Amino acid sequence: MKKAEALMKFIDKSPSVYHAIKNAGEFLEAKGFVHLNREDTFELKPQGRYFVTNNGSALIAWQMPKSGNAENGFRIVGSHSDSPTFRIKPNPEIKVNNHYLKLNTEGYGGVIVSTWFDRPLSAAGRVVIKTDDLLKPEVKLINFDKNLLTIPSLAIHMNREVNDGYKFNKQKDTLPLITLLNEKLEEKGFLMNLIAEEAGVTVDKILDFDLYLYDRQPGCFVGADNEFFSVGRIDNLGMACASIDALGDALPSNFVQVAAIFDNEEVGSRTAQGAGSPFLHDTLQRIIVSTSKGNAFEELQKALAKSFLISADQAHALHPNYTEKNDITNFPLMNKGPAVKVAASMSYTTDGISGGIFKDICARAGVPCQNYVNRSDIVGGSTIGPISLSNLNIKSVDIGNPILGMHSVRELGGTEDQEYITKAFAEFYK
């Protein structure tokens, strides 16, 4: 229960990917990790603990071995920081009948639209502020820590089809209401004035912003015996938190222990901070170069041959109301441990060898393990696993904790499963 509670607290104080990576960095620094800048020369010491960030929304942390070199390879847990939400567009103010003011947004990732209605929402993200250095503007994280927005439903009397498969239009139906207009309030620049006030700067200093909506309701336990926990963005901060938690407590070993948290998985990972970027490959290469005594390219290839990647993302638990949606013989249950994800299409990286290795990790950790396979007539989701392997020749397995309501504004996890996955990662890092 402690791990699930800690995860909910982390999510509650991380309303955007930028806050999540900032908080992850602060957690790591408290554990003795040194924040390296990508523009600096890496000078790594035996048993040293380090991390680098990219775009403020992705992070790679690692602990050097006792020997100080990477000849025995890397053990990597990969996850992602982003979750489906709504992004606020530029010039977002929309005046309605000279009375309402709403904001223009667009969906980010595979949002379950209906779950975002009729609840207190707010916005968080980053503001880019002008400085004297053209290529180094100041970046400030902001969070409107109040019930700022809501998306009201249309009454059933005016939308009789809403319970019969109504198709929501993201450009029309999901625009959040922010305020009422009056004589003293001009709609033009309304949000920018709020942003300036929150950031503590004047409007003319603001160059741009990246702001996203989030649910204001805190995480909580659910169930007759608190066997579930309910909060947004379990997919995939649940895995990200477990990876840095396990790495933070890991003792140095004879290999490099790595936790990689990428951004933009929900929209394809094809960004500089996504799993499809060179970020992980380049970081591993820099680790090799900083400790190399010979041919760094050759040493990297030898290290990768001894390495292993756990691609950690959430899995779909058997749904009590839709049991037919899971595979008929492989349906993971909540609080029964992580599931090894397998697909003949190789949309997951798991094969017999890598799946067997992860099952052995769980057995050694005293953690139960399950299988997840998509129904043959339903296309499953993507993960960072196959995308990461497009840049790295490394053995990999795809796994995840079974959850319900994936991509809802609030998801449902198993309380024991957060404990199980953290133990499995800790065993992997031993």
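The largest cavity of this predicted model has a volume of about 40 Å³. A cavity is here a set of points, on a 1 Å grid over the protein atoms alone, where a 1.4 Å probe fits but cannot get out, and lining residues have an atom within 4 Å of a point. Grid points are joined across faces, edges and corners, and a volume is the space filled by probe spheres set on the points. The model is predicted, so that local features need pLDDT of at least 70 and side-chain atom pairs count only at pLDDT 80 or more, while totals for chains, interfaces and linings use all residues. Residues are numbered from 1 along each chain as its sequence is written, and side-chain values use heavy atoms, with hydrogens and water left out.

The whole structure contains 2 cavities of 30 Å³ or more. The largest cavity is lined by Phe-10, Ala-20, Ile-21, Ala-24, Ser-81, Leu-237, Ala-240, Cys-241, Ile-244 and Ile-261. Helix H4 (234-249) and helix H2 (17-30) each supply at least two of the lining residues; helices (H or I, at least four residues) and strands (E, at least two) are DSSP runs, numbered from the N terminus. H4 gives the largest share, 4 residues. The lining comprises 9 nonpolar residues, 1 polar residue and no charged residues, where Ala, Val, Leu, Ile, Met, Phe, Trp, Tyr, Cys and Pro count as nonpolar, Asp, Glu, Lys and Arg as charged, and the others, Gly among them, as polar.

The second largest cavity holds about 30 Å³ of space. Its lining includes Phe-229, Gln-314, Asn-401 and Asp-417. Strand E20 (411-414) and helix H9 (415-429) are the elements that give two or more residues to this lining, which divides into 3 nonpolar, 5 polar and 1 charged.

An open sheet of mixed pairing is formed by 9 strands in the order E1-E2-E3-E13-E4-E14-E18-E16-E17; two strands pair if DSSP finds at least two bridges between them. Strands E1 (34-35) and E17 (370-373) are the edge strands, each pairing on one side only. Strands E4 (residues 74-80) and E13 (residues 256-262) run parallel and are joined by 7 bridges, with Arg-75 partnered by Gln-257 in E13.

Helix H1 (residues 2-12) packs against H9 at an angle of about 95°, their axes lying 7 Å apart. Axes are lines fitted to C-alpha atoms, for helices over the stretch in contact, and angles run from 0 to 180 degrees between N-to-C directions. H1 is therefore roughly perpendicular to H9 (65 to 115 degrees). Lys-2, Lys-3, Ala-4 and Leu-7 of H1 meet Thr-415, Gln-418, Glu-419 and Thr-422 of H9, contact meaning heavy atoms within 4.5 Å.

How values were computed:
On a 1 Å grid over the protein atoms alone, a cavity is a set of points where a 1.4 Å probe fits but cannot get out, and a pocket is an open set with protein on both sides within 12 Å along at least five of seven lines; lining residues have an atom within 4 Å of a point. Angles under 35 degrees count as roughly parallel, over 145 as roughly antiparallel, 65 to 115 as roughly perpendicular and the rest as oblique.
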